[in-house]
Amino acid sequence: MNVQQQQQRPKTKMSTIYLNQNAGGSWSEFFGDIYSGIAVGIGHPKWIVEKTIDQGVKAITSLTEMASSSSSADSSSNNSSIDNGKLDGSLKVIGVGYGRTGTYSLALALDELGFPTLHTQHLYENQKVFTHFVDNIFYKSIQQDEVITPDMYTPDFDLLLDGGFTATMDLPFALYYKQIHEIYPDCKFILTVRENSEVWFRSWDVLTKSITQPAQYGSFFFTHVNRLNYYMRWLFSIVNSDKTYLNAPFPLPPQNKARSISSYEAHNQKVRNSIPSSHLLEYNVREGWEPLCSFLEIPEANCPSTHGIPFPKSNSARAVTWQAYSSFIGPLVLTVFILFSVFSLVFRKVTGMSVISWCLFVKAKFMHWTNESLKERTKRNKNKMGMKMD
């Protein structure tokens, strides 16, 4: 499978952020994690706000078009002619490792090799795929108070091809390796692993603690965040083998270390037992480009390592923590700014002066009052001293 035969797509801004991140040196790595974490964290609420505004505009436009049947007919005709960018063929590569095993780094690497990859971190941005999972698996599990496991329902994986993807990384897709192998027998699978189960759980625990708070507060304001909340509850139920997470009130119960590790290890072993060795690569992202290029039959001349391109490094525990901070604090700061701007406009309309001018005016009055008070007190003290001398 030659990389030149794969459909190429321009690297996203986020891909560029990660690929340009310097992996060497503790300080550069430290600041690189912070920079990438903030960039990703701000990007999520930015997309959600933009999508919410876009839906509002579309709703208004739809109401306007309904007033005219001809406009509605034209709209239907136009929508039917849109090219959805569907790829011919089948899924090529599926990452079957649990989250926090280097899946985002590998997703960026696959993008670099010419395999358009959907990672769970951007699942919500692809509405057809996400809605399909939410309606048929995540939300339905919550409604039924029963986890819909992979052996109970097979998603429509062709939706990934409709979205222009030939590869996926991370959960939930990693759980459906049996179905995908049956539907796409030529597909290759990559089982990403960590050094040991303890290392994996520490990273997983950091992630879960980082994402629950933004989901808790953001779900009150944005439908998209609430849908992510459904996914998070289903995912925690799967990993912890405990349906309590489906309908538990916030704050959600902590991750169960023993159950999580047991789930992680059992999943990895099931993958090893189910997928033929010819189609499975067990891989640690620290191994770099060579085993990946070899497994995917990328000619050595086309392998990025030949051209000195470093393997992507992303989504460390530190970066994930900063993602959570920025995704929560960023919208909060923006909200305060908008509220203050509105207040300032109303204040100017009512008082005829800006908030800053009013503050300066009050400050001047306060200073004048303070000076007068001091003068009055000094005068009284002098009078008392004169009376004592008499």
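**Group meeting: cores, rings and a surface patch**

So, buried residues (under 20% relative accessible area, with exposed meaning over 50% and partly exposed in between, using a 1.4 Å probe and protein chains only) make up 44% of the 390 residues in the protein chain. Bear in mind that this is a predicted model: local features need pLDDT of at least 70, side-chain atom pairs count only at pLDDT 80 or more, and totals for chains, interfaces and linings use all residues. Residues are numbered from 1 along each chain as its sequence is written, and side-chain values use heavy atoms, leaving out hydrogens and water.

The chain has 14 helices and 5 strands; these are DSSP runs numbered from the N terminus, helices being H or I with at least four residues and strands E with at least two.

Let's go inside. The largest nonpolar core has 54 residues, and L91, F138, I180, F189 and W234 have the most contacts within it. By nonpolar core I mean a set of buried Ala, Val, Leu, Ile, Met, Phe, Trp, Tyr and Cys residues joined through side-chain atoms within 4.5 Å. Helix α9 gives this core its largest share, 8 residues. Take F138: leaving aside residues up to four places away in sequence, it touches F130, F133, P172, Y230, Y231 and W234, a contact being heavy atoms within 4.5 Å. Apart from that core there's another, of 21 residues, including L106 and V285.

Now the rings. Searching the whole structure gives 20 aromatic pairs. Rings of Phe, Tyr and Trp (its six-membered ring) pair if their centres lie within 6.5 Å; planes under 30 degrees apart are stacked, over 60 edge-to-face, and the rest tilted. How are the rings of W200 and Y264 arranged? Their centres are 4.5 Å apart with the planes at 5°, so they're stacked. W200 sits in helix α8 and Y264 in helix α11, 64 residues apart, and both are buried. The other pair I like is F347 with W358, which is edge-to-face at 5.7 Å centre to centre and 75° between the planes. F347 is in helix α13 and W358 in helix α14, so this pair ties together parts 11 residues apart in sequence. F347 counts as buried at 15% relative accessibility, while W358, at 37%, is partly exposed.

Last, the outside. F337, I338, V342, V346 and V350 form a nonpolar surface patch. Patch residues have over 30% relative accessible area and no salt bridge, with like charges joined within 9 Å and nonpolar side chains (Val, Leu, Ile, Met, Phe, Trp, Tyr) within 5 Å; a salt bridge is a side-chain nitrogen of Lys or Arg within 4 Å of a carboxyl oxygen of Asp or Glu. F337 lies in helix α13 and, at 53% relative accessibility, counts as exposed.

Definitions and conventions: Areas by Shrake-Rupley, 256 points an atom, 1.4 Å probe, with all protein chains shown as cover.
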